[in-house]
Amino acid sequence: MPATHATTAAATTTSAPPVRPPAATGPVLFHPTVARLTYRALLGRRRALLLFALPLLLLIIVSAVRALTGADDDTANHLLQGFALGSMVPLIGVIAGTGAIGPEIDDGAIVYLLAKPIRRSTIIFTKLLVAIGVTAAFSAIPVLIAGYILNGNGLNMAVAYGVAAAVASLTYAAIFLMLGVITRHAVVAGLVYALVWESVIGNVVPGARTLSVQQWALAIAQKISDGGVVTSEVALPTAVVLLVLVTTAATGFAVHKLRTLKLAGEE
């Protein structure tokens with residue numbers, strides 16, 4: 001009988017599964033706590049002032065233009081494309097995209113988040129969703145209002161540019177979030193991209209327009225307006241494919257780079 005008990009105990013010990021460290025927990029793509037902390041960081045006093053200032057400036061400009069020139073499709077198109085979609089939307093993307101994760105990496109606070117049992121892909125996706133929401137709220141809605149102020153949505157222009165701003169917000173947020181992960185100079189790099197490439201080169205150099213998020217978004221605006229005033233250098237199918245590819249690639253690379261940030265206990 002003792003031998004039988006010993007054999008049973010040995011079998012039980014042998015068949016017991018190995019002890020493994022706890023796996024990452026939480027939602028696969030979205031973590032409410034991470035989202036709340038990211039919203040709080042993005043809507044802090046300094047960034048909130050910038051986020052509100054740009055749309056306010058747009059509305060002041062379009063109100064003055066409407067009072068001076070009246071409703072004019074060409075004027076509305078140039079202003080919505082040149083200032084709103086060409087400058088304001090990417091700048092807001094820089095503020096929201098880099099601010100969603102860049103400051104945490106710069107000051108080292110990201111280690112406290114990485115120490116939690118949360119998938120790093122979940123961290124990126126959550127912060128990206130927050131950045132997209134903030135960028136779209138502070139760009140697409142003001143652009144829509146500006147379009148109605150300028151010409152009362154003649155040729156569906158207000159809706160066209162509002163949708164284009166929302167679509168561009170998604171890609172800009174992904175690009176600038178990626179910059180926030182890979183470099184400590186994300187804001188500078190983002191400003192150079194937004195002001196030099198999107199605002200200047202993307203509007204002046206013909207070949208560079210094909211690689212401009214602004215032009216991809218304009219292709220969607222052109223399809224919605226269907227009035228001949230809004231035009232893009234990129235065909236709609238190409239624009240949609242490039243928007244999806246760049247957004248996906250930027251998000252994937254951000255996840256990859258975050259995974260390379262090793263904690264002391266993981267090395």
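1. **Basis.** The model is predicted; local features need pLDDT of at least 70, side-chain atom pairs count only at pLDDT 80 or more, and totals for chains, interfaces and linings use all residues. Residues are numbered from 1 along each chain as its sequence is written, and side-chain values use heavy atoms, with hydrogens and water left out.

2. **Overall fold.** The protein has 11 helices and 0 strands. From the N terminus, the order of elements is α-α-α-α-α-α-α-α-α-α-α. Helices (H or I, at least four residues) and strands (E, at least two) are DSSP runs, numbered from the N terminus. Of the 267 residues, 43% count as buried. Buried means under 20% relative accessible area, exposed over 50%, and partly exposed in between (1.4 Å probe, protein chains only).

3. **Contact range.** Contact means heavy atoms within 4.5 Å. Take the contacts with a separation of 6 or more: residues 24 or more positions apart account for 78% of them.

4. **Main core.** A nonpolar core is a set of buried Ala, Val, Leu, Ile, Met, Phe, Trp, Tyr and Cys residues joined through side-chain atoms within 4.5 Å. The largest one has 49 residues. Leu80, Leu85, Val89, Val143 and Tyr161 have the most contacts inside it. Elements giving two or more residues to this core include H2 (32–42), H3 (45–69), H4 (73–99), H7 (120–151) and H8 (157–182). Also on that list are H9 (186–204), H10 (213–225) and H11 (236–259). H4 supplies the largest share, 12 residues.

5. **Val89 and the second core.** What does Val89 contact, leaving aside its neighbours within four places in sequence? Its partners are Ala84, Thr135, Ser139, Val143, Ala165, Ala168, Ser169 and Tyr172. A second, separate core has 22 residues. Leu114, Ile132, Met178 and Val255 are among them.

6. **H7 against H8.** Two packed helices are described by the angle between their axes and the distance between the axes. Axes are lines fitted to C-alpha atoms, for helices over the stretch in contact, and angles run from 0 to 180 degrees between N-to-C directions. H7 and H8 pack at about 150°, with axes 7 Å apart. That makes H7 roughly antiparallel to H8. Angles under 35 degrees count as roughly parallel, over 145 as roughly antiparallel, 65 to 115 as roughly perpendicular and the rest as oblique. H7 passes H8 in a right-handed crossing. A crossing is left-handed if the near helix is turned anticlockwise from the far one by less than a right angle, and right-handed if clockwise.

7. **H7 against H11.** These axes come within 9 Å and cross at roughly 135°. H7 and H11 are therefore oblique to each other. Their crossing is right-handed. H7 brings Arg120, Ser121, Ile123, Ile124, Phe125 and Leu128 to the contact. H11 brings Thr251, Ala254, Val255, Leu258 and Arg259.

8. **Phe52 and Phe138.** The structure holds 3 aromatic pairs. Rings of Phe, Tyr and Trp (its six-membered ring) pair if their centres lie within 6.5 Å; planes under 30 degrees apart count as stacked, over 60 as edge-to-face and the rest as tilted. Phe52 and Phe138 are edge-to-face, at 4.9 Å centre to centre and 85° between the planes. Phe52 lies in H3 and Phe138 in H7, so the pair ties together parts 86 residues apart in sequence. Phe52 is exposed at 52% relative accessibility. Phe138 is buried at 13%.

9. **Tyr172 and Phe176.** This pair is stacked: 5.9 Å centre to centre, 10° between the planes. The two are 4 residues apart in H8, so about one helical turn separates them. Tyr172 is buried, with a relative accessible area of 0%. Phe176 is buried too, at 0%. Ring pairs link Tyr172, Phe176 and Tyr193 into a cluster.

10. Leaving aside neighbours within four places in sequence, Pro55 contacts Met88, Ile92, Phe138 and Pro142. The C-alpha atoms of Pro55 and Met88 are 7.5 Å apart, across 33 residues of chain. Pro237 lies in H11 and is exposed, at 59%. The C-alpha atoms of Pro237 and Ile220, 17 residues apart along the chain, are separated by 9.5 Å.
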